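Please read each point with the model in view.

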Amino acid sequence: MSAPFEPLRERLLRAGIAPRHVRRYLRELTEHLADLTAEQRAAGYDEDNAAIRARALLGDDAELAAAMEEQPGFRSFVARFPWAVFLLAPPFVVTLGFLLWVTAMVLIGFAGGVIPTHHKIPLPVPAWYAATASSLMFVGNYLVTPLLGLLLAWMAQRQRMKPLWPLLAMGLILLLNMHGMFEADSKRINIGLGTMLTYHISRGEPFRPEHLVNWPTFFGQAALLCLPIAWLLWSRRKTATQA
Amino acid sequence: MAGGNNNFMAGVPELMILRLLQEREMYGYEIVQAIRAQTREVVRLSEGVVYPVLHTLEKDGALKSQRREVGGRSRVYYSLTSKGVRRLFDLTDTWTGLAAAIQTVLKGGPHVRTV
């Protein structure tokens, strides 16, 4: 629909205009161009000349882009605060994911009677509970991390941000995972300070690879994060070719 | 916008759009044609630049829009809100005062000689 405006679209996105505003602008420009072309045809110009004259009346890309850029409030949050989206949000999301996981395990434990509510006698952990914990850990490690990476890559591509931002974000996620992998100690019930299952984030000392908790998990996540990076670079190349 | 100093023309499209929409709802192309016709082409717009102004006015609550099918074409019609009416009155006052002041200067009013 907006093929004549592809360079304008790229320009606006790179200038930080939110994609939804760009979409709407280009749609209305396309409709306006159709009206102008019809007007020129009615004035007696042939198809080609009518199209050229209509495009000239609409304004060149520089004017159309400047008109949008001058208006306040059309820039996206990602464009205005990339550091918040790509540097602050990922640690927050990873931590939130961990807390949700712990909450889910505790709720499942209570619902399934694994965690006693009144008596304080240690109970053996049933196999189904251990399997559930393992499954949720697997999802956290091998699904949530690449999905988060993909989300960041998609946001960067959508706003034509420099690939450096999502790359930094993914590096940060890996760094966090390097020093705080999801691990559940579901083999015992802690009755020291009350009835609760003990969960913890295993920590390695910063920047000491020999203290890494789990190399296979780390490399698995790194490999999975290569997928959104590859997608981002491919999309960027495709966009550049089309422009 | 062509044919003028941008500083002097700032705010002109907004004022004209609000005034035109006070009479009836219109879509972008209609608005530009109306501006062209009513100003006898003294104010000439690169026509596409009207949309960011419309979108900003809508974002500010001065306009509302509605997409409609008319004659087999889908168009976005804009209309004035009560907030838009107030904004039109404010802008009209400002511009009327400014135009009067400029006229006075052009005619060589008394305050010019006091400089």
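1. For patches, residues must have over 30% relative accessible area and no salt bridge, with like charges joined within 9 Å and nonpolar side chains (Val, Leu, Ile, Met, Phe, Trp, Tyr) within 5 Å. Accessible areas come from the Shrake-Rupley method with a 1.4 Å probe, and for residues only the protein chains shown count as cover.

2. The model is predicted: local features need pLDDT of at least 70 and side-chain atom pairs count only at pLDDT 80 or more, whereas totals for chains, interfaces and linings use all residues. Residues are numbered from 1 along each chain as its sequence is written, chains are lettered from A and ligands numbered from 1 in the order in which they are written, and side-chain values use heavy atoms, with hydrogens and water left out.

3. Where in chain B does Lys59(B) lie? Lys59(B) belongs to helix H4 of chain B, residues 50–59. Helices (H or I, at least four residues) and strands (E, at least two) are DSSP runs, numbered from the N terminus. Lys59(B) has 47% relative accessibility and therefore counts as partly exposed; buried means under 20% relative accessible area, exposed over 50%, and partly exposed in between (1.4 Å probe, protein chains only).

**The two chains**

4. Chain A contains 9 helices and 2 strands. Its elements, taken from the N terminus, follow the order α-α-α-α-α-α-α-α-β-β-α. Of the 243 residues in chain A, 41% are buried.

5. Chain B contains 6 helices and 3 strands, in the order α-α-β-α-α-β-β-α-α along the sequence. Buried residues account for 43% of its 115 residues.

**The nonpolar patch**

6. Chain A also carries a nonpolar surface patch of about 660 Å², made by Phe77(A), Phe81(A), Trp83(A), Leu87(A), Leu88(A), Leu164(A) and Leu168(A). Helix H6 (82–111) and helix H8 (164–179) of chain A each contribute at least two of the patch residues. The most comes from H6(A), with 3 residues. Phe77(A) is placed in helix H5 of chain A, residues 77–80. With a relative accessible area of 47%, Phe77(A) is partly exposed.

**Salt bridges**

7. How many salt bridges are there over all chains? The count is 18, where a salt bridge is a side-chain nitrogen of Lys or Arg within 4 Å of a carboxyl oxygen of Asp or Glu.

8. One of these joins Arg14(A) to Glu10(A), with 3.6 Å between the closest N and O atoms. Both residues belong to helix H1 of chain A (residues 6–14) and stand 4 residues apart, about one turn of the helix. An α-helix has 3.6 residues a turn, so residues three or four places apart point the same way. Glu10(A) is buried, at 7% relative accessibility. A network of salt bridges links Glu10(A), Arg14(A) and Arg160(A).

9. Glu47(A) and Arg41(A) form another salt bridge, at 2.9 Å from N to O. Glu47(A) is partly exposed at 49% relative accessible area, and Arg41(A) is partly exposed at 37%. A further salt bridge pairs Arg55(A) with Asp61(A), whose closest N and O atoms are 2.6 Å apart. Asp61(A) is partly exposed, with a relative accessible area of 21%.

**Helix H2 of chain B**

10. Is helix H2 of chain B largely enclosed or open? Of its 12 residues, 9 are buried, so H2(B) is largely enclosed by the rest of the structure. Among the buried residues are Val12(B), Pro13(B), Glu14(B) and Leu15(B). Met16(B) also lies in H2 of chain B and is buried, with a relative accessible area of 16%.

**A loop in chain A**

11. Ala43(A) sits in the loop between helix H2 (19–42) and helix H3 (47–58) of chain A. Its relative accessible area is 56%, so Ala43(A) is exposed.
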